[in-house]
Amino acid sequence: MRPIDFRSDTVTKPTPAMRRAMAEADVGDDIYGEDPTARRLEERIAEKLGLQAALFVPSGTQANQIAIGLHCRLGDEILADANSHIFHYESGGVSGLWGVQPGGLPGERGLLTPEQVTAAVRTDFISPRSRLLSLENTHNRGGGKVWPLERFRAVVEAGRKAGLAIHLDGARLFNAAAATGTPASAWASLTDTTAVCFSKGLGAPVGSAIVGSKEHIAEARRLRKRLGGAMRQVGIIAAGALHALEHHVERLAEDHVHARRLAAGLAEMPGVKVDASQVETNMVFADFPLPVQEMQAKLAAHGVLCGSSGMGPRSVRLVTHLDVSSSDIEEALVRIRRAVSG
Ligand SMILES: Cc1ncc(COP(=O)(O)O)c(C=O)c1O
């Protein structure tokens, strides 16, 4: 039985066309600035996000960490939703790499309010200096929640008024764009730096970008080198990312249809609790009758792989992606029903 893998949208394999593009990529030594494919990708993503320049980096974590290094100094504070990826899943980089203090705010599925930001900013010399506001769209621990553009704009304005730099962790920004019909640039162009991933819903095997002003990206190049993220004939993997950007953005909407169908099917199962109205993009959070690890093992035995949302002892995360078809969704529902009732 072929397992149906909902653990993450990072588990996809490159398509044959993507592999061909990678095999045939024009390459050069990128540390000498001579890789034409990486250059093309950087120009393309900067243009798509409405910012001046971009830098290809190995991971979303590195893109976020470079942004923190760009904007903050030792002892500064980052304000972000307490459930943000940078606080939970980047191995302590905020403090470990940059000596920066996390200022976690209680968001609503990852969304903050302008008032919260204004109230959180510290101005006295006894406190850390609030320096950076980091927002996440879509929000991972928020269940793939999209930031409504006007709310995003108001929160950014509150941050700017208080003198904060603005970073967007847009690992899944193109999912937000697909879900709303709003171009990704509408959010990104309001920020100082935006991180995007090619290796999530877009289906590339490796790579992310940090995007911002020419000055920020010139300095980001130095920080990438310091972190060991500068690579040589990087065009091989940049070609996968470029292919993803050219061919896999529009199709993200299919993943969202699949996630809604999955949620609707789960909602009909006895003992499974899911609020299908909260499914906006490619993630489904569902409470199952058993603790997460036991449930994962049970589902795996029935050929369905899933993750933990991190948001509760029974909260399972299922993520749809390029390698899950609509017939896989129907088959997964049959298997899950069996697992739940068995
Ligand atoms: C919201 C968010 N930001 C950043 C990242 C980090 O990406 P990477 O795994 O490429 O380091 C992830 C990964 O899942 C993520 O979900």
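This is a predicted model: local features need pLDDT of at least 70, side-chain atom pairs count only at pLDDT 80 or more; totals for chains, interfaces and linings use all residues.
Residues are numbered from 1 along each chain as its sequence is written, and side-chain values use heavy atoms, with hydrogens and water left out. Helices (H or I, at least four residues) and strands (E, at least two) are DSSP runs, numbered from the N terminus.

**Helix 8 and helix 12**

- The axes of helix 8 (residues 173–180) and helix 12 (residues 252–267) cross at roughly 75 degrees and come within 9 Å. Axes are lines fitted to C-alpha atoms, for helices over the stretch in contact, and angles between N-to-C directions run from 0 to 180 degrees.
- On the helix 8 side, Phe 174, Asn 175, Ala 178 and Ala 179 meet Leu 252, Ala 253 and His 256 of helix 12, where contact means heavy atoms within 4.5 Å.
- Five residues of this contact are nonpolar, two are polar and none is charged. Ala, Val, Leu, Ile, Met, Phe, Trp, Tyr, Cys and Pro count as nonpolar, Asp, Glu, Lys and Arg as charged, and the others, Gly among them, as polar.

**Helix 1 and helix 11**

- Helix 1 (residues 16–23) and helix 11 (residues 235–247) have axes that come within 7 Å and cross at roughly 140 degrees, which makes helix 1 oblique to helix 11.
- Helix 1 contributes Ala 17, Met 18, Ala 21 and Met 22 to the contact, and helix 11 contributes Ile 236, Ile 237, Ala 239, Gly 240, His 243 and Ala 244.
- The residues of this contact divide into eight nonpolar, two polar and no charged.

**Aromatic pairs**

- The structure holds two aromatic pairs. Rings of Phe, Tyr and Trp (its six-membered ring) pair if their centres lie within 6.5 Å; planes under 30 degrees apart count as stacked, over 60 as edge-to-face and the rest as tilted.
- The pair of Phe 56 and Phe 198 is tilted, because the ring centres are 6.2 Å apart and the planes stand at 40 degrees.
- This pair links distant parts of the chain, 142 residues apart: Phe 56 is in strand 2 (residues 53–57), and Phe 198 is in the loop between strand 7 (193–197) and strand 8 (208–212).
- Phe 56 is buried at 1% relative accessibility, and Phe 198 is buried at 0%; buried means under 20% relative accessible area, exposed over 50% and partly exposed in between (1.4 Å probe, protein chains only).
- Trp 147 and Phe 152 form an edge-to-face pair, with 5.6 Å centre to centre and 80 degrees between the planes. Trp 147 is buried at 0% relative accessibility, and Phe 152 is buried with a relative accessible area of 0%.

**Backbone exceptions**

- The peptide bond from Asn 137 to Thr 138 is cis, with omega near -5 degrees. Thr 138 lies in the loop between strand 5 (129–136) and helix 7 (149–161).
- Ser 91, a residue other than glycine, has a positive phi near 60 degrees. Ser 91 sits in the loop between helix 4 (85–88) and helix 5 (93–98) and is exposed, with a relative accessible area of 78%.
- Arg 109 is not a glycine either, yet has a positive phi of about 50 degrees. Arg 109 is in the loop between strand 4 (101–105) and helix 6 (114–120) and is partly exposed at 23% relative accessible area.

Note on methods:
Angles under 35 degrees count as roughly parallel, over 145 as roughly antiparallel, 65 to 115 as roughly perpendicular and the rest as oblique.
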